[in-house]
Amino acid sequence: MEHVPQSPYLRALGEHRALLHPALRTYFSAIPRGQIGIGEGVFERVGTPRRWLWPLLRVLQNHAVVHAGWHHEVPFTVRNRTIAGKAVSIRTLRLPDGDWMMKDAVSARPRGRVLDQLGEPTTLAVAFEVAVDDGALTLRSRAVGVRIGRTRITLPRFISPVIQLRESAERQTGRQRVALTVDMPLLGRLYEYEGMFEYRIEPETA
């Protein structure tokens, strides 16, 4: 039996999940208890070349949200689990100055959306609209919230960044490509990453 209710992405897609590339249906499905999804690949680029943004992004870097800097050909791993109906991921970037981890947890929301809570502790929360485009899964932000101390603020749309992610797969090999962009009105591109990786599910060892 397909565990659709346990997968926030497939739950958001509903009947459109059948349009995903088979490799992506595996990637975005729930992971059985006792197993883990592991992706290994290389980001062709990650971060932003706009140095004036780095001091601001370091605040988010310290909370495992984004990395402040601009790097090319960065090896990375992603480790996925399904915990209490959430898709929980840890991405480790092998940077020149040491490893850095990004953490997030995705849960289902009504009307074909998911909520991505990023950081440790949760610092950024993004409501995404989920869709399929030519076999690829796409996410587009509809609301962005920031936590400052104990205060949570939903950013007004006119200053809210637009976050877009596209996860696709090669038709023959199934190797996956992920591309994310973060843009803000008037300021333009704030952050991005893009790369290829291979993915597998295997038993989780202690």
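At 80% relative accessibility, Ala 84 counts as exposed, where exposed denotes over 50% relative accessible area, buried under 20% and partly exposed the range in between (1.4 Å probe, protein chains only). Ala 84 is found in the loop between strand E2 (70-83) and E3, strands (E, at least two residues) and helices (H or I, at least four) being DSSP runs numbered from the N terminus. Phi of Ala 84 is near 50 degrees, a positive value in a residue other than glycine. Leu 186, in the loop between strand E10 (176-184) and E11, likewise has a positive phi, near 75 degrees. Leu 186 is exposed, with a relative accessible area of 91%.

The model is predicted, with pLDDT of at least 70 required for local features and 80 or more for side-chain atom pairs, whereas totals for chains, interfaces and linings use all residues. Residues are numbered from 1 along each chain as its sequence is written, and side-chain values use heavy atoms, with hydrogens and water left out.

The chain comprises 3 helices and 11 strands, arranged from the N terminus as α-α-β-α-β-β-β-β-β-β-β-β-β-β. Its radius of gyration, taken over C-alpha atoms, is 16 Å, close to the 17 Å given for 206 residues by the globule rule (2.2 Å times the number of residues to the power 0.38), so the chain is as compact as a globular protein of that length. Of the 206 residues, 46% count as buried. Leu 10, in helix H1 (residues 8-13), is buried at 2% relative accessibility. Leu 10 and Ala 108 are 98 residues apart in sequence and 9.1 Å apart in space, C-alpha to C-alpha.

Contacts, defined by heavy atoms within 4.5 Å, link Tyr 191 to residues including Val 46, Leu 57, Val 66, His 67 and Leu 180, not counting residues up to four places away in sequence.

The structure holds 1 cavity of 30 Å³ or more. About 40 Å³ of space lies in the largest cavity, the volume being that filled by probe spheres set on grid points joined across faces, edges and corners. This cavity is lined by Phe 43, Val 46, Arg 91, Leu 93, Trp 100, Met 102, Tyr 191 and Tyr 193.

The second largest pocket has a volume of about 190 Å³. Of its 16 lining residues, Leu 124, Ala 125, Gly 145, Val 146 and Arg 152 lie nearest its centre. The largest share of the lining, 5 residues, comes from E7. A cis peptide bond joins Glu 120 and Pro 121, with omega about -5 degrees, and Pro 121 is found in the loop between E5 and E6.

Note on methods: 1 Å grid on protein atoms, 1.4 Å probe; cavity = no way out; pocket = protein on both sides within 12 Å on 5 of 7 lines; lining within 4 Å.
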